[in-house]
Amino acid sequence: MSVTHRAPAGPRGAVGAAAETAAAEHLRALGWHVLARNLRVQRDEVDILAREPGRPDVIVVLEVRSRSGPGFGAAVETVDARKVARLYRAAWRLRREGHPDLPRRATDGAVWRVDLLTLIRARDGRWHIERHLRGLQPA
């Protein structure tokens with residue numbers, strides 16, 4: 001099951017949605033199961049909620065950040081301690097309370113992790129994975 005909610009409107013929202021689509025496609029190509037995209041968890045949002053292949057069963061809350069070129073700084077630099085804390089809050093709520101759009105069995109018994117996936121858009125318009133940082137830690 002994959003749940004998608006609307007991305008923010010406007011040019012930045014469209015660029016972000018395109019980067020998130022590229023990120024989800026990348027994860028699927030690696031064998032991941034994307035459970036949801038743009039999932040609202042009270043005040044927070046999870047860009048991608050996915051199951052990583054293999055054992056143990058790992059549910060990953062992924063934050064996707066993108067840049068249209070190197071002139072705007074590194075995408076990884078845009079994630080601060082407050083954002084990581086919000087991602088952990090969302091993961092904790094999802095694990096504890098579930099979500100109406102996700103069946104409970106989709107996440108039962110799994111280990112949870114928070115990752116950051118950064119992308120950069122090439123001149124030809126294609127997205128390229130820059131980094132996948134696994135296991136972000138709150139400050």
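Helices (H or I, at least four residues) and strands (E, at least two) are DSSP runs, numbered from the N terminus. The model is predicted: local features need pLDDT of at least 70, side-chain atom pairs count only at pLDDT 80 or more, and totals for chains, interfaces and linings use all residues. Residues are numbered from 1 along each chain as its sequence is written, and side-chain values use heavy atoms, with hydrogens and water left out.

**Helix 2 and its cover**

- The buried residues of helix 2 are K83, V84, L87, A90, A91, R93 and L94; buried means under 20% relative accessible area, exposed over 50%, and partly exposed in between (1.4 Å probe, protein chains only).
- Strand 2, strand 3, strand 4 and strand 5 (111-121) are among the elements that cover these residues.
- After helix 2 comes G98, with a positive phi near 75°.

**Nonpolar cores**

- A nonpolar core is a set of buried Ala, Val, Leu, Ile, Met, Phe, Trp, Tyr and Cys residues joined through side-chain atoms within 4.5 Å.
- The largest such core has 20 residues, and L39, V46, L49, V61, L94, L102 and W112 have the most contacts inside it.
- Strand 2, strand 3, strand 4, helix 2 and strand 5 each give two or more residues to this core, and the largest share, five residues, comes from helix 2.
- Another core, of 16 residues, lies apart from it and includes A23, A24, V34 and V64.
- In soluble globular proteins, nonpolar side chains tend to be buried together.
- Leaving aside neighbours within four places in sequence, W112 is in contact (heavy atoms within 4.5 Å) with L49, I59, V61, A91, L94, R95 and T107.

**Strand pairing**

- Strand 3 and strand 4 run antiparallel and are joined by five bridges; two strands pair if DSSP finds at least two bridges between them.
- Within this pairing, I48 stands opposite L62 in strand 4.
- Five residues lie between the strands of this hairpin, where G54 takes a positive phi near 105°.
- Strand 4 also pairs with strand 5, in the parallel sense, over ten bridges, and R65 stands opposite T118 in strand 5.
- Nine of the ten residues of strand 4 are buried.

**D115 in strand 5**

- D115 belongs to strand 5 and is buried, with a relative accessible area of 0%.
- The side chains of D115 and R113 are joined by a polar contact of 2.8 Å; a polar contact is a pair of N or O atoms within 3.5 Å, where within protein one must be able to donate a hydrogen and the other to accept it, and residues adjacent in sequence count only if both atoms are side-chain atoms.
- Beyond its neighbours within four places in sequence, D115 is in contact with W32, V60, V61, L62, E63, H132, L133, R134, G135 and L136.

**Backbone exceptions**

- Most residues other than glycine have a negative phi, and most peptide bonds are trans.
- N38, in strand 2 (residues 33-41), has a positive phi near 50° and is buried at 3% relative accessibility.
- Q42, in the loop between strand 2 and strand 3, has a positive phi of about 55° and is exposed, with a relative accessible area of 53%.
- R55 and P56 are joined by a cis peptide bond with omega about 0°; P56 is in the loop between strand 3 (44-52) and strand 4 (58-67).
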